[in-house]
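Here are some notes for a colleague who is opening this structure for the first time. They are set out as numbered points, to be read beside the model.

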Amino acid sequence: MSFVNKSASELSAMLASKEISSVEITQAQLDNIDRLNPKINSYLTVTHEIALAQAKEVDELRAKGEKLSALAGVPIAVKDNLTTIGIETTAGSKILKGWIPPYNATVVQKILANRMPILGKTNMDEFAMGSSTENSAYGPSLNPWDLKRTPGGSGGGSSSAVASMQAAIAIGSDTGGSIRFPAAVTGTVGVKPTYGAVSRYGLIALGSSLDQIGPVARNVMDAAMLQDAISGPDAMDATSLPESLGSMTEAAKNDSVKGLKIGIIKELTGEGFQAGVSERFQEALDLLVASGAEIVEVSCPSFQYAIAAYYLIQPAEASSNLARFDSVRFGLRVMPEGAATVEKVMAATREEGFGPEVKRRIILGTYALSSGYYDAYYGSAQKVRTLIQADLAKAFEKANVLVSPTAPTTAFLLGEKQEDPLAMYLNDIATIPANLAGVPGMSLPVGLAKEDNLPVGAQFLAPAREDARLYKVGAVLEKLLENKWSKKMMDFAPELRVN
Amino acid sequence: MAKDQLMDYQKALETYEVVIGLEVHVELNTNTKMFCGCANVFGDEPNTNVCPNCLGFPGAMPAVNGKAIENSIKIGLALDCEIAATGRFARKNYFYPDLAKNFQTSQYDEPIAFEGKIDIEVPSGKVFTVEIERAHMEEDAGKLTHVGGSTGRIQGAEFSLVDFNRAGVPLVEIVTKPIYGAGDEAPELAAAYVRSIREIVKNLGVSDARMERGNVRCDANVSIRPKGQEKLGTRTETKNVNSLRSIERAVKYEIQRQAQLLSQGTAIIQETRHWHEDRGATSSGRPKSDADDYRYFPEPDLVPVQPSKEWIEQLRATLPEKPAIRRKRLQELWGFSDLEFRDVVNSDLLDEIDDTVKAGAKPQAARKWWTGEVARIANSEDKDITELAITPSQVAQIAELVESGKLTDRLAREVLTGVLAGEGDPAEIVAKRGLEVVSDDGALLEAIDKVLAEQPEVLEKIREGKVQAAGAVIGAVMKAMAGSADAARVRELVIQRATEK
Ligand SMILES: [Zn+2]
């Protein structure tokens, strides 16, 4: 059973040396899922047969001496907004209940090409709209550190799965922080790569100009290996970058931050941040400075408009992206009372199929794009986006990477913010600018807040295409912290009793 | 449906000034669709050329067809347009069951081509310069078939079927600026304009340009205002008028209908209207206001199109000649009189005759067949000539058979009927129906001898040198041969026989 505590890189080495088989790992992983998932609800679908068949296949190939990729045989969890042939894909929505896609997302295709068994599809806020998974039509996931709390959102299924040893690694998607916030509150590592680094083809779109797929893991090296496995140009995604960004795995082997200039974002520290969060964050910075990094303060005044701009652009794009859910070609179909016309069927289906947060954002986005309001809302929001990009560009003239806490607080209680959408939105203050600017960001665990013993995350940002910088600084800080603690982050986690 | 009252056309033109605007959709004939790899084919089994993308499945993303962009630029250049340094796709959001994503990927404020113009000659010989506002790229929607109900329209239908084969087919929409001052020739100008667009895209090779298949579709905006009034009148948009003749008729109808309404003090409603070919009338569609809100915004799944100057110049260098220049060249080449040539253009037969000549026919013969017998048949069947099942090469073959004396004009007309009935190529029909001219002199001589024997007085006259007298013999021989003889040959033989004896 101890396999499930291993990291992906450890499993990779053990598989390569034939110390264990992929079937053994996968079976152990599935057993742990069967034990924990009924309580934690990380997975919406668990694909026992598929995973074991894939594991068997990769074991046979290895036995034949076939050359395999680094992660071959390491099982993985996939967020439920990526299309998977033959596996139900709902994006956390009732409107897609039972939908079996006829095609694979490019990232899924890459996972299969890397011969990583797929354990299942992870829970999420409906269409990735939310910060807690409470907007999932299939109930929230729970935080393994405290089952009364959220594992973050929208990718709380992936973060809770990785944090509770139901998978070593998982795929997430990040539109305003959906990888990084869940990582921060579950003590895991989450990376949103540069916009375009990973193909979005097959990702059920939320905000197309903001969405980016990325890795969720328990350490920096695992995240790096997974990013390498899923990234690269894709003819199916016109916005995917034409060039490779180099090896993140190599970057994660870095052991020095000497001379690295780290910019602290003035607007994302101090007031409004939980004391325990600020304390751990400062401690991490002190460790980096002690190892030769230099701290500079940078200012990004436009960040104060980031949430407002984000909550215009993202709902606007979502209102259009979600228009296709009309019952005509796939998904739920609800017949209205009385004589059915196509309009009435569409309306009845969307009324019943979408949850309240989705409806709220469709209305918001439809309004923001309306003629007469477009310039004031969507147009202005795009201008803010340009300002944020300019502020970041200026900051990166002074610093190689920027840093802030990933979130203002540790994991909040389930239900705590559900009646107050604005409070929920404010949670993403530190993560949203990266999506608006298209730059990469990483959330790295930096310990537990002393007031609640819950994980705290630090977020690093790098210029677009410089994802490697995140892995370089992340790898060093991770080592510094582990040396200081004399254990790994996950070793702080309470033992899960789910019966 | 209540019948519209129409004002007499000339009377309407005395009181009102006509302003028209034309939107022409051209379906490109690229191998694949605009944003996916599905085949762009007309007439396949419904929903066979579809994929996650053109079905609007969750997660699917568009990938631009480079050939469609190239063809759009060519159309822009042929219309003397500026080509945008940056053309952006935009989403036009509206719900409709034939629109898979419930938004159409189109272009909004950054079209690929803009500010063009084209000279259009109307039947009177007058030339109008029509200004082009823009030509932009977009995708076609699927095709709805309404089942049940009497009209085939969505109202009253029991259910509707959607064929997504057409969804995502590349379209270029060409929009004119308002066209003023065409007066009573506005309907002809509208038709002549669409004819020119069709000719251009056909000669560019970027579209099959078959109106009956919807390759070229026209929406005609018509408004009228009292002469001297500056403010434009309320316009109506008559949708999908799918033949040149219909365009002319629909514009004329709208002028007369609107004039009647205004003259009796009734306001024009801004709306889309449908043209009904069968009863030659438009009917009210859905009201349309300027507040129709498509919530356009830049398509975030696509990057802007940025054609390089070099590429644009390369494409410009490949353009075929302009319609006006082509016409001048062809008239000289064919040696048609002005009247003959105008007749050809106005009958919309320029391409057919050009293709027929290219297939080997003499220009006058090609003209004679197309403007004569073929046009007559189309007219009697109330069809567009292009709807008839005959190709230029078949016409050329018929002309050739006549030219070489193998067919008489009368027999050739019979062959033509056979071709139109789908019996095959002219040569096959000649063989099948046994229509070939009797060129066996033996059979002819036998008939001639019989007639001459019956009419010794005629024989005598011919021998005396009164050759005109042979006419009576020729007539009788042709009758005896049931018309399948070449009259000229019969004449030769009669004279020969008479002088021999
Ligand atoms: Zn397709």
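1. How are α14(B) and α16(B) oriented to each other? In this predicted model, helix α14 (residues 456–463) of chain B packs with helix α16 (residues 487–500) of chain B at an angle of about 90 degrees, their axes being 9 Å apart. An angle of 65 to 115 degrees counts as roughly perpendicular, and α14(B) and α16(B) are therefore roughly perpendicular to each other.

2. On the side of α14(B), this contact is made by B:L459, B:I462 and B:R463, while α16(B) contributes B:I495, B:A498 and B:T499. Sorted by class, the residues of the contact between α14(B) and α16(B) are four nonpolar, one polar and one charged.

3. Leaving aside residues up to four places away in sequence, A:I76 touches A:I111, A:M116, A:I118, A:L119, A:A167, A:I169, A:A170 and A:I171.

4. Between the two chains, 25 residues of chain B are in contact with 33 residues of chain A. The side of chain B that touches chain A has, by class, 16 nonpolar, four polar and five charged residues.

Conventions. Residues are numbered from 1 along each chain as its sequence is written. Chains are lettered from A and ligands numbered from 1 in the order in which they are written. This is a predicted model: local features need pLDDT of at least 70, side-chain atom pairs count only at pLDDT 80 or more; totals for chains, interfaces and linings use all residues. Two residues are in contact if their C-beta atoms, placed from the backbone, lie within 7 Å. Ala, Val, Leu, Ile, Met, Phe, Trp, Tyr, Cys and Pro count as nonpolar, Asp, Glu, Lys and Arg as charged, and the others, Gly among them, as polar. Axes are lines fitted to C-alpha atoms, for helices over the stretch in contact, and angles run from 0 to 180 degrees between N-to-C directions. Helices (H or I, at least four residues) and strands (E, at least two) are DSSP runs, numbered from the N terminus. Angles under 35 degrees count as roughly parallel, over 145 as roughly antiparallel, 65 to 115 as roughly perpendicular and the rest as oblique.
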